[in-house]
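This report is an introduction for a reader who has not seen the structure before. Please look over the sequence and the model, then read on.

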Amino acid sequence: MNNEQHTAGAGGTGAGGAGSGDTGNGSGNRASGDGTRGSGGRDGRGPRKSREIFDATLDLLADKGYEGLTVEGVAERSGVNKTTIYRWWPSKGALLGAALTGTGRLDFPLPDTGSLRGDLTALMSKIVALLTTAPTADIAVATLGAVTHSPELAEHTRAFFTDRLAREQPLFDRAVARGELAPDADPMLMMDLLAGAAWLHLVFRRLPADANFAARTVDIVLDGAATASGARRTAAKATR
């Protein structure tokens, strides 16, 4: 049996790990080989022990990387029969994509400071913490490394990024309502710039983030490099 792709008799699943197979309606309410029944995922779909399966998936990923992630290993850690796992997620790429969205392990509360700048700075600080604290840093880095050479995993992780942006959207909606942000602003691009800066600085360059890294990065994204630098000089002079 090939661990990367296993064709289960009960049918495959979507990118988010939602079952279709023998339900015929995509509800995911089907019995599994070990008696679990669809009710365990964050969206209400998946086997009863989805939480245990997802936690085991991310723990194994953090410990051994994507190459060392196997459905058999997840089955052993979670105590769920591998046949059940394959019935819902026909490959480890599909399973990891579902785990990233389904566990909430990489989630954090959406800030509401009363200003766009404050919200983005708080959000950026959380991204920095995620990329510098185990086990979330190990999970994120292992996933990124795998996505670059696994088109299948890249397809499945789209659901995670779509979910993440949808969760962040209220932050930008509030900013538009307060007149801080133009209605045609691009939240996805803004988050890509912020998160991209964190990834490059912390993960690829292996540099530490000082206390002002989050605020400085947000200033540049919102104000532009020249304006942000000038504003910082003015603020520094005012405190002398």
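How many residues apart are E155 and R158 in helix α7, and what does that separation amount to in helical turns?

## A salt bridge within one helix

E155 and R158 are 3 residues apart in helix α7, so about one helical turn separates them. An α-helix has 3.6 residues a turn, so residues three or four places apart point the same way. The two side chains form a salt bridge, with their closest N and O atoms 3.3 Å apart.

E155 has a relative accessible area of 40% and is therefore partly exposed. R158, at 53%, counts as exposed, because the cut-off for exposed is over 50%.

## Confidence of the model

The structure is a predicted model. Its mean pLDDT is 82, and 76% of the residues reach 70 or more. Residues 1-40 have a pLDDT below 50, although in the model this stretch has 114 contacts beyond near neighbours in sequence.

The whole structure contains 12 salt bridges. One of them joins the side chains of D107 and R164, at 3.5 Å from N to O. D107 belongs to the loop between α4 and α5 and R164 to helix α7, so this pair ties together parts that lie 57 residues apart in sequence. D107 is partly exposed at 26% relative accessibility, whereas R164 is buried at 14%.

Another salt bridge connects the side chains of R174 and D119, with an N to O distance of 3.2 Å. Here helix α7, which holds R174, is linked to helix α5, which holds D119; the two residues are 55 apart in the chain. R174 is partly exposed at 23% relative accessibility, while D119 is buried at 0%.

Helix α6 covers residues 136-147.

The buried residues of α6 are T136, A137, I139, A140, A142, T143 and A146. They pack against α1 (50-68), α4 (92-102), α5 (116-132), α7 (151-177) and α8 (187-204).

L144 is also found in α6, but it counts as partly exposed, at 31% relative accessibility. Together with L200 and F204, L144 makes a nonpolar surface patch of about 280 Å².

Definitions and conventions. Residues numbered from 1 in each chain as written. Predicted model: local features only at pLDDT ≥ 70, side-chain atom pairs only at ≥ 80, totals over all residues. Heavy atoms only, no water. Patch = residues over 30% accessible without salt bridge, like charges linked within 9 Å, V, L, I, M, F, W, Y side chains within 5 Å. Areas by Shrake-Rupley, 256 points an atom, 1.4 Å probe, with all protein chains shown as cover. Salt bridge = Lys/Arg side-chain N within 4 Å of Asp/Glu carboxyl O. Helix = DSSP H or I, 4+ residues; strand = E, 2+ residues; numbered from the N terminus. Buried < 20%, exposed > 50% of the residue type's maximum accessible area, 1.4 Å probe, protein only. Contact = heavy atoms within 4.5 Å. pLDDT = per-residue confidence, 0-100.
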